[in-house]
Amino acid sequence: PLTVEIAAAHGVELSAHRSVILDDELLDRAPAIFIFDLENLVRIAVRHSAALSKTYFLGALAPAGHLLIADPHGRGSQALEDAFTAIERALDWADRDRPG
């Protein structure tokens, strides 16, 4: 509930969102995979190493700040705020270069 609340404050609707376990089919179909942290990288490397060539840190899209985005799960509202801010910074910067 806290994540849904903070996401809504950032203009993101998550109330109907449900996580899914990544499997080979999902990873094979994905043109790119964006991850937050080293734990995500290790999991992909161990379970789906073929997907590493199209795996990128979301934080790398931002011109400044941290490469890694800490997983806020179970760490309270400030960690969620920090994660959403880092995600917004990366996506806003990436969106600046899109045509149209």
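Leaving aside its neighbours within four places in sequence, which residues is Ala83 in contact with? Ala83 is in contact with Ile69, Ala70 and Pro72, where contact means heavy atoms within 4.5 Å. Ala83 lies in helix 4, which covers residues 77-96. Helices here are DSSP runs of H or I with at least four residues, strands are runs of E with at least two, and both are numbered from the N terminus. With a relative accessible area of 5%, Ala83 is buried. Buried means under 20% relative accessible area, exposed means over 50%, and partly exposed is in between, using a 1.4 Å probe and protein chains only. Ala83 and Asp24 are 59 residues apart along the chain, and their C-alpha atoms are separated by 27 Å.

Before we go on, a word about the model. It is predicted, so local features need pLDDT of at least 70 and side-chain atom pairs count only at pLDDT 80 or more, while totals for chains, interfaces and linings use all residues. Residues are numbered from 1 along each chain as its sequence is written, and side-chain values use heavy atoms, with hydrogens and water left out.

**The whole chain**

The protein chain has four helices and two strands, and along the sequence they follow the pattern α-α-β-α-β-α. Its C-alpha atoms fill a box of roughly 35 × 35 × 25 Å along the principal axes. Of the 100 residues, 26% are buried. Among contacts with a separation of 6 or more, 48% come from residues 24 or more positions apart. The chain exposes about 7,300 Å², with carbon and sulfur atoms supplying 57% of that area; accessible areas come from the Shrake-Rupley method with a 1.4 Å probe, and for residues only the protein chains shown count as cover.

**A buried residue in a strand**

Now look at Phe57, which has its place in strand 2 (residues 55-57). Phe57 is buried, with a relative accessible area of 18%. Not counting residues up to four places away in sequence, Phe57 touches Ile35, Phe36, Asp37, Leu38, Leu41, Leu67 and Leu68. Val12 is 45 residues from Phe57 in sequence, and their C-alpha atoms are 21 Å apart in space.

**Charged pairs**

Side chains of opposite charge can pair when their charged atoms come close. How many salt bridges does a search of the whole structure find? The search finds two, a salt bridge being a side-chain nitrogen of Lys or Arg within 4 Å of a carboxyl oxygen of Asp or Glu.

| Salt bridge | N to O distance |
|---|---|
| Glu25 and Arg29 | 3.0 Å |
| Arg43 and Glu39 | 2.7 Å |

Glu25 and Arg29 are separated by about one helical turn because they are four residues apart in helix 2. Both Glu25 and Arg29 are exposed. Arg43 and Glu39 are also four residues apart, in helix 3 (residues 38-47), so about one helical turn separates them. Arg43 is partly exposed at 44% relative accessible area, and Glu39 is partly exposed at 45%.

Leu26 lies in helix 2, residues 24-29.
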